[in-house]
Amino acid sequence: MSSENESKSLAIIHCSQVVTLAGPARPRVGAELRELGIIPNGGLLVRDGLIERAGTTAEISSLIDVNTMVVDACGRVVLPGFVDAHTHPVFAGTRVDEFEERSRGATYQEIAARGGGIQSTVNRTRAAGLNELTATCRRYADWFLRGGTTTVEAKSGYGLSLEDELKILRTIRQLDRETPLRYVPTFLGAHSVPPEYNSRRDEYVSLIVEEMLPRIAQEKLAEYCDVFCEEKVFTTDESWKILSAARCQGLGLRMHADQLSLSGGAKLAAELGTATADHLEHTDGEGIAALKQAGVQPVLLPGSVYALGSSRYPAAREMIDAGLAVVLATDFNPGSSPTPSMTMILSLAATHMKMTPAEAVTAATINGAYSLNRGAQLGSLERGKIADFVIHDCDNYRELAYFFGIQHPWQVYSEGKLSHGLRG
Ligand code: NIG
Ligand code: FE
């Protein structure tokens, strides 16, 4: 938006639906997941990058003056920008060769066992400099925005050495500064044990605890710490050590839990009281009850189930029925989930996890924001919140989950400024 417009307010009018997600100031559970606070024939007034008012077109029109820039949505739908609460968006190269191998029948675990998988991305990411990495990842920032995502949680984890993890976290900071996409950084040094530590994994855990975490906390390069807790990756004991040390350094906690097997991840997340437990494809009823008891938010990632060719989706309905504040995210990464598309995730959630479109939208916006400690600023269109919103080219929000494989957004706004799409 040009500087001459900066002092102006912005009004969006003639929206078939303004999906506000207005509601209690906490993550939504149970029937609340289906309450979207929709204003038919709605509008939005934005000032200084914040939501001033959501209301009917008549109400918003009455507030328009000569300093208001008006966008006619012509019957389209407005939603908060998606908050994608689990991504791995900084990596060099692709894994398209392995993708083809998997199309011929090889499995993700077989490829990883022979040094491919995460390690092949680590090798390439280590070889790339910060500027090269930033340039590569700007492309992905653009993909997220074009798909209607305005905030991503961004994990490191393809460096696995002090310097390379710092380089990735600095890349995330750089991308946050220079693109309209908002990044919430997470340190994932415990993504895999690098081969040089294969015979001395204790030393890698010590490196994370004694060197990486203090340095990252000191430079304020991450808000959260995550661990890939899984048989043959990081055991529950190792995960406990790393996450406990991260908590002492003042970081919030997240966890890859029970993705490929029931390995006690959800129970450990509950024991530690992490902000989230992510994946949970293999979590059982006991694990779900433990998450509920501890108030941990499940982050469900159906894109990785789909892209790995599995049919084992997480038990979203049981989790909703148990009262968990479910979150949906892409898990964007070059191996198990190469998609930045939150609307693809809405489609998978509705089709394979039997979440209604309304539940999926709540899980992809306000609940994601709360899982990142941003619930007071992001995830709904309520007075005083940051004006991150999207005008989607449809007249009913349910079409976002229904028509899949297309780009829905017509215009994307970050802090009240157009970041993608044509001017009205
Ligand atoms: O969330 N589970 C571990 N990490 C990623 C996969 C990363 C990769 O394959 O590069 C995930 O699925
Ligand atoms: Fe992941």
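How much space lies in the largest cavity? About 90 Å³. This is a predicted model, where local features need pLDDT of at least 70 and side-chain atom pairs count only at 80 or more, while totals for chains, interfaces and linings use all residues. Residues are numbered from 1 along each chain as its sequence is written, chains are lettered from A and ligands numbered from 1 in the order written, and side-chain values use heavy atoms, leaving out hydrogens and water.

On a 1 Å grid over the protein atoms alone, a cavity is a set of points where a 1.4 Å probe fits but cannot get out; a pocket is an open set with protein on both sides within 12 Å along at least five of seven lines, and lining residues have an atom within 4 Å of a point. Points are joined across faces, edges and corners, and a volume is the space filled by probe spheres set on them.

The structure holds three cavities of 30 Å³ or more. Around the largest one sit 13 lining residues, with Tyr108, Ile118, His191, Asn333 and Ser336 nearest its centre. Tyr108 turns up again in the lining of the second largest cavity, alongside Arg95, Glu98, Arg102, Ile111, Gly117, Pro334 and Gly335. That second cavity holds about 50 Å³.

Now for the open side of things: the largest pocket has a volume of about 690 Å³. It is lined by 22 residues, and Ala112, Ala113, Ser192, Lys232 and Val233 are the closest to its centre.
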